[in-house]
Amino acid sequence: MDHQPKFFENLSGTGKAIGVLTSGGDAQGMNAAVRAVVRMGIYVKAKVYFVYEGYQGMVDGGDNIVEVSWESVSSILQVGGTVIGSARCKSFRTREGRLQAAYNLVQRGITNLCVIGGDGSLTGANLFREEWSGLLEELAQKGKIDEEAVKKYAYLNIVGMVGSIDNDFCGTDMTIGTDSALHRIIEVVDAIMTTAQSHQRTFVLEVMGRHCGYLALVSALACGADWVFIPEYPPEEGWEDSMCVKLSENRARKKRLNIIIVAEGAIDCHNKPITSEKVKDLVVQRLGFDTRVTILGHVQRGGTPSAFDRILASRMGVEAVLALLEATPATPACVVSLSGNQAVRLPLMECVQMTQEVQKAMDEGRFVEAVRLRGRSFENNLNTYKLLSQKKPDAELPKTNFNVAVLNVGAPAAGMNAAVRAAVRVGITEGHKMFAVIDGFEGFARGKIKEISWGDVGGWTGQGGSILGTKRTLPAKYLEKIADQMRTNSINALMVIGGFEAYESCLQLHEARSRFEEFCVPICVLPATISNNVPGTDFSIGADTALNAIVETCDRIKQSASGTKRRVFIIETMGGYCGYLANMGALAAGADAAYIFEEQFDIRELQANVEHLTEKMKTSIQRGLVLRNENCNENYTTDFIYQLYSEEGKGVFDCRKNVLGHMQQGGAPSPFDRNFGTKISAKAMQWISKKLRETYRKGKVFANTDDSVCLLGMRRRNLVFQPVAELKTETDFVHRIPKEQWWLKLRPLMKILAKYKTSYDVSDSGQLEHVAMHSTKEAETGAI
């Protein structure tokens, strides 16, 4: 799609006033959204106002509606909840209340509202917009405003962002706060697992989600729970027996703990509630297991927002301001949201209606329909969970006589183990014999290969690093030995999980097919590397965990810097030549600059950054944070930049440096990496099965076409299988990065939010889409 870049310089906010409010339940990341709206608004020369305490503040007026400056939103990026407060407001539901709110806005010339909240808050905003001209006329009749004001402020524009930990809003893949809530749940589950293991206990965990089972479902997928109860998919009649059979089977397989996750709104097929206490009593009475209930409650709403939520909210906040600047009286109120990795705008009321449709379907017992209406992401999660949680009896499994090997290649990345677990379990369900290769291609050449069973991978989702062991060695020098091993073990397909080396390895195997027939089998690469530098995919397994580690450290460093005042920290991140971690870390941590290889810089730019920080020290924000990718420039090293800043900043600020190193590779995988790893691995295994069936001729598998060696990646909105041979043209092999990288488009965003003048290509945003697109055609687009 060749289009001329469109820059927002042509959009001016001069003379416009934007009001920003948070309403309804709070969610982590709301502050990041508020910060982005304020800074982007000021950047385009609009006036920006805080509306404190949601709609209540709008109705009360006075000190609740205040014009804000750039510095008003400093230091709020890492704070959970919402600093401008949120309240449920009865008076806004009355026309009198809305009349008063309209009067308060007109007094300040505010005709653009950015509302961050759930579907109730957004519906209220839409009604307010529809009534606006009538409200102004009524105010004029009462003599509260003059006719001039009625004409001048004739239209109200509204843009919504969905802040809700439940992820219960249709049309958007992720709402602000959902990822952070999953972090809280997974932290608790990981902690509970260790104590449950010690005592052979069963734990029943109750998570939030009165009308939506997303948190319960995804956390069950992320921790490999034994059973999950969600409102959209009630268990079948007789579930009590099936659940108890499953729990006792797991104990018989030497599993020392059971985890059952219950959404607070869970129901049975007769719409009767299933409570955590009821589940506990059932387990105790039927099985006599030592069982405990943990209700997570408001812990899930608290804590600092995850890197994902900060980036999502910052992107959405900027998009919301652009949508307000472009809005005309004819534009319907819209919601800015995320579809796959793409920012989209959707008509607000279409989303609200579809969200209400789900509830209606559930009330009427149309549960299959309810799951479909929730969207492709939800449906995929549910299908993957069903596939992985319960092993069919051996007698019911098909027998294909195919042997599939799984191996890890390259550096360890969090989430690799979740991918191996999913591959093994889906493979077994499809009827294959699964083999694990220890220590990558080096281990393969030495014959370190063994059959792996369903139970062997239990509890792997939450483990960091690589349990199978991984090496950077490429297969080229061992081709003959690897071919021997493949022949000896009758390996009919390979799944290679790893970073750039995994991609290169499969290219080498593909090129060696003419010499070794053993490599003429289906081969699939799953991208797993913290650097996120694999061509053919927007995200790699492990990058999210590394980003969270970087952001957590930056938060601590910022805190230390604001205590000492006038201090600038220079932080070096990993990533090879790929600037993803430095750039996205800077965006999520609110850094002042990020030096990366992809955007060459010289001494003049370093000088400009020092001057920028010198100016900043004159304000009330007396600290600085600069990220540097390890290979961004061979001469401008971290030490060089540190010394330059120290010298140039003498008398204004002092400097410290910090090399983060291998802590970025370790740690338990984040919920995103566990799920992404699990889902793409399950999908890859199904692709391998399909290819095996297609290429099985005369008693053997023979696959020698380009499309039988693929990399499965996420591209914008969809998961796509791409032949590695075709990806060669998209790759810079010298620097081990893709030639084009989507996240570079977000680079100006970081600069704008750090108060730099820059140009920002907005060609990707803008077009209003319709929600219907997202609920149909999902099966074939293969979305995540």
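Reader: Which polar atom lies 2.9 Å from the backbone nitrogen of Ala 307?

Author: Happy to start there! This is a predicted model. In it, a polar atom of the side chain of Asn 548 sits 2.9 Å from the backbone nitrogen of Ala 307.

Reader: Where is Asn 548 found, and is Asn 548 buried or exposed?

Author: A residue counts as buried when its relative accessible area is under 20%. Asn 548 has a value of 14%, so it is buried. Its place is in helix α18, which covers residues 543-564.

Reader: Which residues does Asn 548 touch, leaving aside those up to four places away in sequence?

Author: His 183, Ser 306, Ala 307 and Ser 670.

Reader: Now to the strands. What is the order of the open sheet of four strands?

Author: Reading across the sheet, you meet β19, β20, β18 and β21, with parallel pairing. The edges are β19 (593-595) and β21 (654-659); each has a single partner strand, so one side of each is left without a neighbour in the sheet. On average, neighbouring strands here are turned by 20° against each other, direction ignored.

Reader: How many bridges join β19 and β20?

Author: Three bridges, in the parallel sense, with β20 spanning residues 623-629.

Reader: Which strands does helix α19 lie across?

Author: Find residues 580-589 and you have helix α19. This helix lies across β18 (567-573), β19 and β20, and it runs at about 160° to β20.

Notes
Residues are numbered from 1 along each chain as its sequence is written. This is a predicted model: local features need pLDDT of at least 70, side-chain atom pairs count only at pLDDT 80 or more; totals for chains, interfaces and linings use all residues. Side-chain values use heavy atoms; hydrogens and water are left out. Two strands pair if DSSP finds at least two bridges between them. Helices (H or I, at least four residues) and strands (E, at least two) are DSSP runs, numbered from the N terminus. Axes are lines fitted to C-alpha atoms, for helices over the stretch in contact, and angles run from 0 to 180 degrees between N-to-C directions. Contact means heavy atoms within 4.5 Å. Buried means under 20% relative accessible area, exposed over 50%, partly exposed in between (1.4 Å probe, protein chains only). A polar contact is a pair of N or O atoms within 3.5 Å; within protein, one must be able to donate a hydrogen and the other to accept it, and residues adjacent in sequence count only if both atoms are side-chain atoms.
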